[in-house]
Amino acid sequence: MKTESISVLIVDDVAQTRTNIRRLLQFENDIEVVGEAKDGKDAIKIARELQPNCILMDINMPEMDGIAATEQIYQELPQSVIIIISVQGEQEYLRKAMLAGARDYLVKPFSGNELGNTIRQVWEMEQSRHIQQERNRQPQQSAEVITVFSAKGGVGKTTIATNIAAGLAKDNKDVILMDLDLQFGDVPIMMNLKVKRSMADWYSEGFLNIDDYLLNHESGVRVLAAPEIPEEGELITAEHVNQLIADLQPLADYVIIDTPQFFHATTLQSLDLAHRVLLVAAPDLVNLKNVRRCLDVLDKLNIADKVQIVMNKVGKNSGLTFNQFNAHLNQDIWQQLPYDPRITALAVAQGIPVVNLNAKSRLSRALIKLTKQLNEEDELDEPGEAKGLKLLTTFATRRG
Ligand SMILES: Nc1ncnc2c1ncn2[C@@H]1O[C@H](COP(=O)(O)OP(=O)(O)OP(=O)(O)O)[C@@H](O)[C@H]1O
Ligand SMILES: [Mg+2]
């Protein structure tokens, strides 16, 4: 498990026993005897000085016995593990020693193998316990969930989701991109990713650790791919989406969710659980009508207050200017992205997000500005605030 040797202090009132134990351990390359003590008092003094990883402690000793010494060392030096070495017939003492903080015991006589293995096991358990405690002390990472949604297909959701993910990764954020377009997920194409594992595998293999189902993109973004076969997409329910988001949240700073063009229970779940919903629209009449309707629906679902409108393909000659579109919405447009068919076509053809392909293009600059804005707004949030699943109202309960 580790390369450093385990330092050991031997405590026994019989000099011959100390020598024998030293001999037993001399062939264990990963264990080093660093000191000896002849009674409990001596043990406390030397343990303070040497701070050994492990203390082999006899029970019956003059001055201070092994139980009293164990109790004190356990309080003072909790990082040193204590193993009791006793003779037969000290069962009651052994119980007391364990209560005093000893981790294990060995009954004399024991072999070098037994002794070495016990020391190793106890020490490794102690290491794992420390790692776990350290993890528990650190505030749980809890990703901000951003769902990219639209009222109409083909407006640029996947383009925006992939680029926000890549943009945030450029800013050293830990990002997971989840492709919730369960029938026709485009994320792997847009990011030139080979789908080795997908949500369908997570489902069929029994919902194992989600970390093992993420694909690594060279930008640093990790991707949870949608099922590759459209029929398999139907296996994923709103409840699964709930679980997926909860499982992914502790693993990243951001979970970005790309959605399909249809209003599906799974999409709704992702809207419900999001901290932020980016509603993507393009400036034309059909979009305007759909966005207005969509905002009404989201309002009824109590989702409207976290919706931010991103106008994409601004400048495309599609019958409605940005200003006309803006004037007919009773909600501000949060960000706008220019129409840039050349760079997007190139990005799709090469499977590279626009922000990675050419950071200087107009679309890239607008996407980077959007990402920065996201970052800045998040930093205004209370520092250290754990972003929990604030809106755990499921599709079923809301409508039930
Ligand atoms: N700003 C832009 N300028 C020019 N073309 C764009 C822009 N954004 C996206 N596109 C192009 O529009 C098309 C649709 O984009 P995309 O697939 O991202 O939309 P979508 O909303 O995810 O579609 P779907 O609803 O089918 O999932 C793509 O060919 C993409 O390259
Ligand atoms: Mg898409």
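Leaving out its neighbours within four places in sequence, Val-175 touches quite a set of residues: contacts are made with Ala-165, Leu-168, Ala-169, Val-221, Ala-252, Asp-253, Tyr-254 and Ile-256. Do keep in mind that this is a predicted model. Val-175 belongs to strand 7, which covers residues 175-179.

Now let us turn to helix 12. This helix runs over residues 285-300, and its 16 residues should span 22 Å at 1.5 Å a residue; the end C-alpha atoms are 23 Å apart, which agrees. Its buried residues are Asn-287, Leu-288, Val-291, Cys-294 and Leu-298. Viewed down the axis of helix 12, these buried residues fall within an arc of 130°, so they line one face of the helix. On the other side of helix 12, Arg-293, Asp-296 and Lys-300 are exposed.

What do the buried residues of helix 12 pack against? Here are the partners:

| Element packed against by helix 12 | Residues |
|---|---|
| strand 11 | 276-281 |
| strand 12 | 307-314 |
| helix 13 | 322-327 |

After helix 12 comes Asn-302, which has a positive phi, near 60°.

Conventions:
Residues are numbered from 1 along each chain as its sequence is written. Chains are lettered from A and ligands numbered from 1 in the order in which they are written. This is a predicted model: local features need pLDDT of at least 70, side-chain atom pairs count only at pLDDT 80 or more; totals for chains, interfaces and linings use all residues. Helices (H or I, at least four residues) and strands (E, at least two) are DSSP runs, numbered from the N terminus. Two residues are in contact if their C-beta atoms, placed from the backbone, lie within 7 Å. The expected span of a helix is 1.5 Å times one less than its number of residues. A residue is buried if 20 or more other C-beta atoms lie within 10 Å of its own, exposed if 12 or fewer, and partly exposed in between; C-beta atoms are placed from the backbone. The arc is that of the directions from the helix axis to the C-beta atoms.
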